[in-house]
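Please look through the sequence and the structure below before reading on. The paragraphs after it go through a few of its parts in turn.

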Amino acid sequence: MSSLGVRRRPASTATAPRRENAALSYYLVVGATLLLLAIGVVMVLSASTIESMRDHDGNPYAAFVSQAQYVLIGLPLMVVASRVPVAWYRRLAWPALGLGMALQMLVF
């Protein structure tokens with residue numbers, strides 16, 4: 001106790017940094033990704049309905065269906081990419097960077 005009668009915590013029990021739960025972080029990222037994906041597809045639907053009716057013989061859902069096909073292709077690929085070990089991505093990083101720079105030079 002201090003002179004004012006207030007107890008102080010010992011230094012050993014001070015607030016230690018919390019260890020994050022890896023599964024919680026994973027599901028937060030997946031949840032945020034799926035939410036953004038859903039919002040994006042709905043925005044495509046709302047923004048392209050009139051143009052789809054004009055360009056695709058009155059079908060207001062043509063652009064939406066096209067985007068939904070890409071979503072259905074991308075979701076399984078997202079699951080597969082999340083299961084690949086980090087070491088594989090680390091081995092691939094430098095060759096992918098070199099390939100990206102080479103493809104960027106093709107523009108010039």
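Predicted model: local features only at pLDDT ≥ 70, side-chain atom pairs only at ≥ 80, totals over all residues.

Residues are numbered from 1 along each chain as its sequence is written, and side-chain values use heavy atoms, with hydrogens and water left out.

Start with helix H1, residues 22–55, and helix H2, residues 62–83. Helices here are DSSP runs (H or I, at least four residues), numbered from the N terminus. The axes of H1 and H2 come within 9 Å and cross at roughly 165°. An axis is a line fitted to C-alpha atoms, for helices over the stretch in contact, and the angle runs from 0 to 180 degrees between N-to-C directions. H1 and H2 are therefore roughly antiparallel to each other (the word applies to angles over 145 degrees). The crossing of H1 past H2 is right-handed, a term used if the near helix is turned clockwise from the far one by less than a right angle.

Contact means heavy atoms within 4.5 Å. On the H1 side, the residues that make the contact include Leu37, Val41 and Val44; on the H2 side, they include Phe64, Val71 and Leu75.

Val71 lies in helix H2, and its relative accessibility of 18% makes it count as buried (under 20% is buried, over 50% exposed, and in between partly exposed, with a 1.4 Å probe and protein chains only). Which residues does Val71 contact, leaving aside its neighbours within four places in sequence? They are Leu37 and Val41. Val41 is 30 residues from Val71 along the chain, and their C-alpha atoms are separated by 8.5 Å.

The last topic is aromatic rings. A pair of aromatic rings is described by the distance of the centres and the angle of the planes. Rings of Phe, Tyr and Trp (its six-membered ring) pair if their centres lie within 6.5 Å, and planes over 60 degrees apart count as edge-to-face. By this rule there are two aromatic pairs. Tyr26 and Tyr27 form an edge-to-face pair, 5.3 Å centre to centre with 75° between the planes. Tyr26 is partly exposed at 29% relative accessibility, whereas Tyr27 is exposed at 58%. Trp88 and Tyr89 have ring centres 5.5 Å apart and planes at 75°, so this pair is edge-to-face. Trp88 is partly exposed at 40%, and Tyr89 is partly exposed at 36%.

How values were computed:
Helix = DSSP H or I, 4+ residues; strand = E, 2+ residues; numbered from the N terminus. Parallel < 35°, antiparallel > 145°, perpendicular 65-115°, else oblique. Phe/Tyr/Trp six-rings, centres within 6.5 Å; stacked < 30°, edge-to-face > 60°.
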